[in-house]
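Take a look at the structure below.

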Amino acid sequence: MELGLEGRVAVVGGASRGMGKAIAMALAREGCSVAMAARGEEALAAAAQQIREATAGRALPIVCDMADYEDIRRLIGETVAAFGRLEILVNNAGGPPTGTFLEHGEEAWQRALAQNFLSAVRAAREALPHMRRQGWGRIINITSVAVKQPIDGLILSNAVRLAVVGMAKTLSREMARDNILVHNICPGNILTDRLRSLLGERAAKDGRPIEALIAAEAQGLPLGRFGRPEEVANLVVFLCSEAASYMTGTSILVDGGSSTAVF
């Protein structure tokens, strides 16, 4: 299948590891030039080098805190300066901390809003003028299965990620005539460092080895296993491609069938 991504320019957040790194790798394999954003300089540089060695695409590491608007402005500016344009934006940032409503104060809420909602708003605001000039664009927001089925103990994530979905649905309609398509991907049970950390907290409370807990949890999933970051990346590539050119405004689960939500 011809995906039509050769020569496109993409920005991918959280690209030093996990789903972000897998997405950057997958886009580079399709011939995209990829600006990779993350906070950790050493891990980001190593990830970019791995992508350069494994693909024909160009990978540019840019240290960026997605909770900082000035960092986002610099990220988009450096990407366009390096590659001449920008057509794909993948908003992906680490999730906020666990906890209940009464455990979080004002600072935690403000940080969650900046990192997981305003980051998507700000990055889209900076990227859209470049996409409109090209007459072609794709914005993909990596959210969570929690937007379909809230998860106990993750009230910050449950709340702010839903805000992204509402914003994206409206944006998809506003930008459709400019050939800029907007989607949300909702991963669940993808075995990333984030999920390992959450499971590690539970394992510590239960006094169990984490690998034993992971194995037990996997058996309870419909497919009997956790997902891989590459399986999320494959969907990103498809939604960015010309093969998905009549789709916009969607929120798609990648959770191995674990959610019981109908829509």
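Two residues are in contact when heavy atoms of theirs lie within 4.5 Å. Keep that cut-off in mind for Asn184. Leaving out residues up to four places away in sequence, Asn184 touches Asn141, Thr143, Val164, Val165, Ala168, Thr250, Ser251 and Ile252. One more point before we go on: this is a predicted model.

Where does Asn184 lie? It lies in strand β6. Its relative accessibility is 2%, so Asn184 counts as buried. Its side chain also has a polar partner. A polar contact of 3.0 Å joins the side chains of Asn184 and Ser251.

Now step back to the sheet. Strands of a sheet pair through backbone hydrogen bonds, and the pairing can be parallel or antiparallel. Here seven strands form an open sheet, and the pairing is parallel. Read across the sheet, the order is β3-β2-β1-β4-β5-β6-β7. Which strands stand at the edges? They are β3, residues 59–63, and β7, residues 250–254. Each has a single partner strand, so one side of each is left without a neighbour in the sheet. The strands are also turned against each other. Between neighbours the angle is 20 degrees on average, direction ignored.

Next, follow β5, which covers residues 137–142. On one side, β5 pairs with β4. The two run parallel and are joined by four bridges. Val90 stands opposite Ile140 in β5. β5 also pairs with β6, residues 180–187, in the parallel sense. Six bridges hold that pairing. In this pairing, Arg138 stands opposite Leu181 in β6. Helix α4, residues 106–134, packs on the sheet. It touches β4, β5 and β6. The direction of α4 makes about 175 degrees with that of β4.

Is β5 enclosed or open? Six of the six residues of β5 are buried, so the strand is largely enclosed by the rest of the structure. Both faces are covered. Gly137, Ile139 and Asn141 are buried on one side. Arg138, Ile140 and Ile142 are buried on the other.

How does the chain link these strands? β4, α4 and β5 make a right-handed β-α-β unit. From β5, the chain then crosses through helix α5, residues 155–175, to β6. This β-α-β crossover is right-handed.

The loops are worth a visit too. Start with Val145, in the loop between β5 and α5. Val145 has a relative accessible area of 11%, so this residue is buried. Setting aside neighbours within four places in sequence, Val145 is in contact with Ile151, Cys186, Pro187, Gly188, Leu253, Asp255 and Ser259. Compare Val80. Val145 and Val80 are 65 residues apart in sequence, and their C-alpha atoms are 32 Å apart in space.

Two other loop residues have a backbone angle to notice. Most residues other than glycine have a negative phi. Asn179 is not a glycine, yet its phi is positive, at about 60 degrees. Asn179 sits in the loop between α5 and β6. Its relative accessible area is 29%, so Asn179 is partly exposed. Asn189 also has a positive phi, near 60 degrees. Asn189 lies in the loop between β6 and α6, a helix of residues 193–206. With a relative accessible area of 24%, Asn189 is partly exposed.

Finish with the cysteines. A disulfide is a covalent bond between the sulfur atoms of two cysteines. How many disulfides does a search of the whole structure find? It finds zero. For comparison, the sulfur atoms of a disulfide must be within 2.5 Å. Are these cysteines buried or exposed? Cys64 counts as buried, because its relative accessibility is 3%. Cys240 is buried too, with a relative accessible area of 0%.

Definitions and conventions:
Residues numbered from 1 in each chain as written. Predicted model: local features only at pLDDT ≥ 70, side-chain atom pairs only at ≥ 80, totals over all residues. Heavy atoms only, no water. Pairing = 2+ DSSP bridges. Axes fitted to C-alpha atoms, helices over the stretch in contact; angles between N-to-C directions. Buried < 20%, exposed > 50% of the residue type's maximum accessible area, 1.4 Å probe, protein only. Right-handed = clockwise from strand over helix to strand, strands pointing away. Polar contact = N/O pair within 3.5 Å; in protein donor to acceptor, adjacent residues only side chain to side chain.
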